[in-house]
Amino acid sequence: MKPTNKSTQDKYEIKEHQSIDLLKELHILTRDGKMNQDSRRKLKQVYHLVQFIEPIITELFATKESVQLIDFGSGKSYLGFILYDLIGKLQSKPLEIIGIELRKDLVDYCQTLALKLQFNNMAFHLLSTDEAIQSTDLPPTVDIVTALHACNTATDDAIRFALAKHVEHLVLVPCCQAEVASFLRKKKSIEGEDSYLAQIWRHPIHSREFGSHITNVLRTLQLESHGYQVTVTELVGWEHSMKNELIIASKGLNSKQQNKAREDLNTLLNKLQLHELVTRFN
Ligand SMILES: C[S@@+](CC[C@H](N)C(=O)[O-])C[C@H]1O[C@@H](n2cnc3c(N)ncnc32)[C@H](O)[C@@H]1O
């Protein structure tokens with residue numbers, strides 16, 4: 001079956017100008033143009049995210065000659081490639097999409113694919129967070145940072161990078177988070193009048209889920225304390241609810257609001273006796 005015909009487009013939600021070669025290279029479509037259940041789900045998730053990112057890009061292009069987006073923990077770069085294909089390609093001004101990834105095989109794969117498809121404003125770099133902050137290979141100003149399912153503390157690395165680069169917008173879909181849960185597990189009890197709070201994570205499943213939840217709460221407060229207006233919402237169709245949170249942050253809070261967020265962040269860390277994490281969320 002040819003993937004470009006109308007019924008296939010409707011069924012798989014393939015857009016008119018979308019590159020079938022790209023979808024095949026990403027193994028979203030098989031060689032004969034079919035799509036399995038997993039791929040359809042992945043594509044829907046990425047489309048949904050693209051819908052949130054598109055208005056940010058449009059707004060930036062209203063005042064800028066080019067837009068720079070960095071995708072942290074880009075992996076196979078489903079998001080980056082599809083964003084470029086659906087939005088970047090159609091712009092009269094350059095939308096630069098740059099993936100940062102710790103796995104060389106994935107960086108090489110994406111770099112080769114971008115060349116093959118002639119997606120000229122895409123690049124991929126093998127860089128740690130500290131290297132990425134310092135790197136002269138990256139644009140001096142970055143407008144948007146995205147991180148889709150950057151596992152455990154990689155979302156925090158994306159935030160650290162975005163704060164260091166004074167990025168205007170962040171779009172984050174965090175993955176599982178084990179770091180805070182591991183601190184909670186060590187802290188079986190809390191001293192003093194707040195001792196009842198330890199009930200929240202007494203059972204391992206609760207420490208995992210509460211750890212994941214409180215991590216995103218702390219990330220939100222951290223971003224607010226740096227002046228970002230934050231929206232937290234649900235992304236559709238994930239199998240695991242812990243991966244279903246979408247955090248969108250854009251510069252816009254005043255200093256009073258920032259100070260309040262900083263105060264709440266510190267109080268929360270103190271109440272939960274998570275002092276070791278102060279530097280992570282500062
Ligand atoms: C679960 S995958 C998600 C990949 C991609 N964003 C997606 O949704 O298909 C997470 C990726 O983040 C990368 N990663 C983890 N920590 C990172 C860091 N600090 N900097 C850059 N990449 C990182 C991993 O190598 C992995 O490829």
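1. Contacts and range. Two residues are in contact if their C-beta atoms, placed from the backbone, lie within 7 Å. In the protein chain, take the contacts between residues at least 6 apart in sequence: 69% of them join residues at least 24 apart. Please keep in mind that this is a predicted model.

2. Overall build. The protein chain has 10 helices and seven strands. Its radius of gyration is 20 Å, close to the 19 Å that the globule rule gives for 282 residues, so the chain is as compact as a globular protein of that length. Along the principal axes, the C-alpha atoms fill a box of roughly 70 × 40 × 30 Å. As for burial, 34% of the 282 residues count as buried.

3. The sheet. Seven strands form an open sheet with mixed pairing. Their order is S3-S2-S1-S4-S5-S7-S6. Strand S3 (122-126) and S6 are the edge strands, and each pairs on one side only. From one strand to the next, the twist averages 15°.

4. S2 and S3 run parallel and are joined by five bridges. Ile98 stands opposite Ala123 in S3. Helix H5 (residues 104-116) packs on the sheet here, touching S2 and S3. The direction of H5 makes about 165° with that of S3.

5. Helix H7 on the sheet. H7 also packs on the sheet. This helix touches strand S1 (67-72), strand S4 (144-148) and S5. Relative to S4, the direction of H7 makes about 175°.

6. Strand S5. How many residues of S5 are buried? Five of its five are, and the strand is mostly covered. Both faces are covered. His169, Val171 and Val173 lie on one side, Leu170 and Leu172 on the other, and all are buried. S4 and S5 run parallel, with five bridges between them. His169 in S5 is the bridge partner of Ile144.

7. The antiparallel end. S5 (residues 169-173) pairs with strand S7 (residues 245-251) in the antiparallel sense, over four bridges. In this pairing Val171 stands opposite Ile248 in S7. Strand S6 (residues 228-234) pairs with S7 in the antiparallel sense as well, over seven bridges. There, Tyr228 stands opposite Lys251 in S7.

8. Which residues come nearest to the ligand? Gly73, Gly75, Leu148, Ala154 and Asp157 do, out of the 19 residues around it. Strand S2 (95-101) and helix H7 (154-164) each supply at least two residues of the shell. By class, the shell divides into 10 nonpolar, five polar and four charged residues.

9. Ser77. This residue has a phi near 60°, a positive value in a residue other than glycine. Ser77 is found in the loop between S1 and helix H4 (78-86). Buried or exposed? Ser77 counts as buried, because 25 C-beta neighbours lie inside 10 Å.

10. His149. Here too phi is positive in a residue other than glycine, with a value near 55°. His149 lies in the loop between S4 and H7. It has 18 C-beta neighbours inside 10 Å and therefore counts as partly exposed. The cut-off for buried is 20 or more.

11. Gln177. The loop between S5 and helix H8 (179-186) holds Gln177. This residue counts as buried because it has 23 C-beta neighbours inside 10 Å. Which residues does Gln177 contact, leaving aside its neighbours within four places in sequence? They are Asn152, Gly211, Ser212 and Thr215. Asn259 is another matter: Gln177 and Asn259 are 82 residues apart in sequence and 26 Å apart in space, C-alpha to C-alpha.

12. Where to look. For backbone geometry, view the positive phi values of Ser77 and His149.

Key
Residues are numbered from 1 along each chain as its sequence is written. This is a predicted model: local features need pLDDT of at least 70, side-chain atom pairs count only at pLDDT 80 or more; totals for chains, interfaces and linings use all residues. A residue is near a molecule or strand if its C-beta atom, placed from the backbone, lies within 6 Å of it. Ala, Val, Leu, Ile, Met, Phe, Trp, Tyr, Cys and Pro count as nonpolar, Asp, Glu, Lys and Arg as charged, and the others, Gly among them, as polar. Two strands pair if DSSP finds at least two bridges between them. The radius of gyration is taken over C-alpha atoms; the globule rule is 2.2 Å times the number of residues to the power 0.38. A residue is buried if 20 or more other C-beta atoms lie within 10 Å of its own, exposed if 12 or fewer, and partly exposed in between; C-beta atoms are placed from the backbone. Axes are lines fitted to C-alpha atoms, for helices over the stretch in contact, and angles run from 0 to 180 degrees between N-to-C directions.
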